[in-house]
Amino acid sequence: QVSAFETGQKKKTLVILGSGWGSISLLKNLDTTLYNVVVVSPRNYFLFTPLLPSCPTGTVELRSIVEPVRSITRRLPAEVIYLEAEATTIDPVKNVVTIKQSTTVHSGHSGKDTSSSKSTVAEYTGVDEITTQLHYDYLVVGVGAQPSTFGIPGVAEHSTFLKEVNDSVTIRRRLMDVIEAANILPKDDPERKRLLSIVVCGGGPTGVEVAGELQDYIDQDLHKWMPEVAGELSVTLVEALPNVLNMFNTKLVEYTKQVFADTNIRLRTNTMVKQVNDKVVIASHKKDDGSNENVEIPYGVLIWATGNAPRDITRDLISKVDEQKNARRGLLVDDRLLLDGSKNIFALGDCTFTKYAPTAQVAFQEGIFLAEHFSKLSEIESVKHTLSNPSSEDNVDRLTKKLAKLEEKLPIFHYNHQGSLAYIGSERAVADLVWGDWSNVTSGGRFTYLFWRSAYIYMCLSVRNQILVCFDWVKVSLFGRDCSKE
Ligand code: FAD
Ligand code: NAD
């Protein structure tokens with residue numbers, strides 16, 4: 001392919017928002033020599049979310065599952081500019097994105113900052129924030145989603161999400177806080193029982209995995225360090241629907257329920273949380289006869305994992321494009337990930353609403369697709385440029401045909417589902433795997449757990465992450481997990 005430089009054509013500016021699964025996959029697969037690439041994200045690292053549920057208990061260290069953006073950009077064929085900032089508004093008419101420098105990374109839930117430290121730009125520069133504007137020729141929106149609360153009163157104030165690094169730190173601190181506080185109280189004090197109750201709301205894979213990890217920690221380690229308290233700790237998983245892990249095969253759902261029952265994780269299905277205060281979760285439980293009763297579940301730690309909601313920047317973009325007016329759960333895109341109603345904005349991953357589930361697997365494949373798509377777009381632009389300034393040697397007819405062919409042959413995105421995996425605790429995992437087009441394999445148990453581990457090691461973005469995660473697992477199997485607050 002002829003580069004823009006050789007044809008005298010100015011390189012186009014490609015701005016990529018986000019440093020998560022979608023954006024980083026795009027970046028790693030992009031021919032960065034073809035564009036001026038600028039990455040904007042408030043998080044200067046990629047986070048390997050599948051192992052995040054293992055972090056609050058210390059099964060895996062946080063540093064083992066992050067990869068700095070700059071270590072990724074450094075290996076790319078041409079320079080990529082990274083700006084640690086968040087996009088606050090997008091002007092799809094002027095092709096301008098406004099960005100704000102921010103040093104706090106949060107789950108992004110409106111009005112709630114889950115970061116552990118509140119360092120702001122002000123501490124370093126004396127100004128509250130730095131705002132600037134970037135012009136783009138192409139924009140890729142890969143800003144992910146924020147945790148959903150469905151506006152349920154008290155959730156944002158009293159619960160902890162599990163989405164970012166700081167959420168894991170917060171869960172760890174709260175857990176250790178309540179354990180140490182309960183340890184001071186007499187055994188028959190009802191406050192002690194409340195403090196030692198961990199409630200996880202949402203029986204999707206995030207809720208199930210974190211419940212399993214917490215129960216493992218209690219059974220395998222806390223029993224050694226603080227037997228008197230560990231015996232009283234309880235983990236309750238609250239789910240509005242009749243079952244957990246609804247995307248998995250029913251056999252695996254039953255298997256998960258059995259493992260939970262064997263390991264004393266209390267499963268409260270058909271129970272929809274309606275309100276949360278600082279000590280109690282208030283829910284409506286649908287009984288077998290179809291009637292509803294109100295239940296109160298006291299808690300010391302509340303982890304909220306009920307899925308995704310669009311971020312403010314996503315809502316802002318939706319409000320600015322007429323074709324997006326019916327978008328409720330995310331940006332609407334066509335089968336080439338082009339935003340409906342735009343000619344130069346693309347979107348991928350959890351910030352979109354498509355026929356695919358919001359998973360890392362989908363975002364990753366979309367990133368690979370877009371990287372290829374941008375190479376093709378560059379080729380098209382290059383032919384268009386030559387056609388608009390033909391030299392005597394250029395065969396205009398041949399170039400026109402070539403352009404038509406290139407445009408017609410632009411591929412569309414096809415998702416290749418390889419299956420779903422989830423850890424369910426006590427060294428067991430469930431897997432719904434797809435081998436080629438012809439067979440599904442459903443399995444649960446210890447062998448699946450080993451498969452789960454190897455699959456996640458394989459999926460890690462760098463060899464450094466792979467080695468560090470393996471070290472963490474070996475370390476935990478040799479020395480166990482500690483009970484410090486950090
Ligand atoms: P993200 O990975 O969330 O990245 C979004 C990026 O945008 C971040 O870098 C963020 O800092 C940045 N950003 C946010 N706001 C702005 C802004 N205003 N401007 C610029 N940048 C911004 N999926 C699986 O397939 N398998 C799993 O095992 C799995 N496990 C998971 C475990 C947990 C605990 C969680 C929370 C999710 C898990 N998922 C899993 C889902 C998976 O993580 C998401 O589907 C995936 O991260 C989506 O990728 P994304 O690039 O769209 O968003
Ligand atoms: P989810 O949307 O998969 O599940 C949320 C659950 O919360 C649902 O079962 C829902 O019924 C329940 N819920 C909602 N409101 C409730 C309420 N008020 N009271 C009680 N229960 C309520 O959410 P998630 O687990 O956070 O996952 C988000 C996305 O990330 C999904 O697409 C998931 O597949 C993906 N993910 C995948 C993995 C994996 O593959 N191992 C792990 C984590 C997340």
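The model is predicted, so to speak of a local feature pLDDT must be at least 70, side-chain atom pairs count only at pLDDT 80 or more, and totals for chains, interfaces and linings use all residues. Residues are numbered from 1 along each chain as written, chains are lettered from A and ligands numbered from 1 in the order written, and side-chain values use heavy atoms, without hydrogens and water.

**The site of ligand 1**

- Around ligand 1 there are 29 residues, and Gly22, Thr49, Ala87, Asp350 and Tyr456 come nearest; a residue is counted as near if one of its heavy atoms lies within 4 Å.
- By type, the shell holds 13 nonpolar, twelve polar and four charged residues, where Ala, Val, Leu, Ile, Met, Phe, Trp, Tyr, Cys and Pro are nonpolar, Asp, Glu, Lys and Arg are charged, and the others, Gly among them, are polar.
- Domain 1 (4-145 + 310-408) and domain 2 (155-307 + 418-479) each supply at least three residues to this shell; the bounds come from an automatic or database domain assignment.

**Backbone contacts and cover**

- A polar backbone atom of proline 358 sits 3.0 Å from an oxygen atom of ligand 1, a polar contact being a pair of N or O atoms within 3.5 Å.
- For a backbone N or O atom of threonine 359, the distance to a ligand 1 oxygen is 3.4 Å, and for one of glutamine 361 it is 3.3 Å.
- On its own, ligand 1 has 990 Å² of accessible area, and the protein covers 91% of it (Shrake-Rupley method, 1.4 Å probe).
- Two or more shell residues come from each of helix 2 (21-29), strand 2 (35-41), strand 5 (80-91) and helix 12 (360-388); helices (H or I, at least four residues) and strands (E, at least two) are DSSP runs numbered from the N terminus.
- Helix 12 gives the largest share, three residues.

**Two positive phi angles**

- Most residues other than glycine have a negative phi.
- Asparagine 264 has a positive phi of about 70°, in the loop between helix 10 (250-262) and strand 12 (265-268).
- Leucine 337 has a positive phi of about 65°, in the loop between helix 11 (312-320) and strand 18 (345-347).
- Asparagine 264 counts as exposed because its relative accessibility is 57%, whereas leucine 337, at 3%, counts as buried; buried means under 20% relative accessible area, exposed over 50%, partly exposed in between (1.4 Å probe, protein chains only).

**Helix 11**

- Ile313, Thr314, Asp316, Leu317 and Ile318 are buried in helix 11.
- The buried residues of this helix pack against strand 5, strand 8 (138-141) and strand 18, with contact meaning heavy atoms within 4.5 Å.

Note on methods
A polar contact is a pair of N or O atoms within 3.5 Å; within protein, one must be able to donate a hydrogen and the other to accept it, and residues adjacent in sequence count only if both atoms are side-chain atoms.
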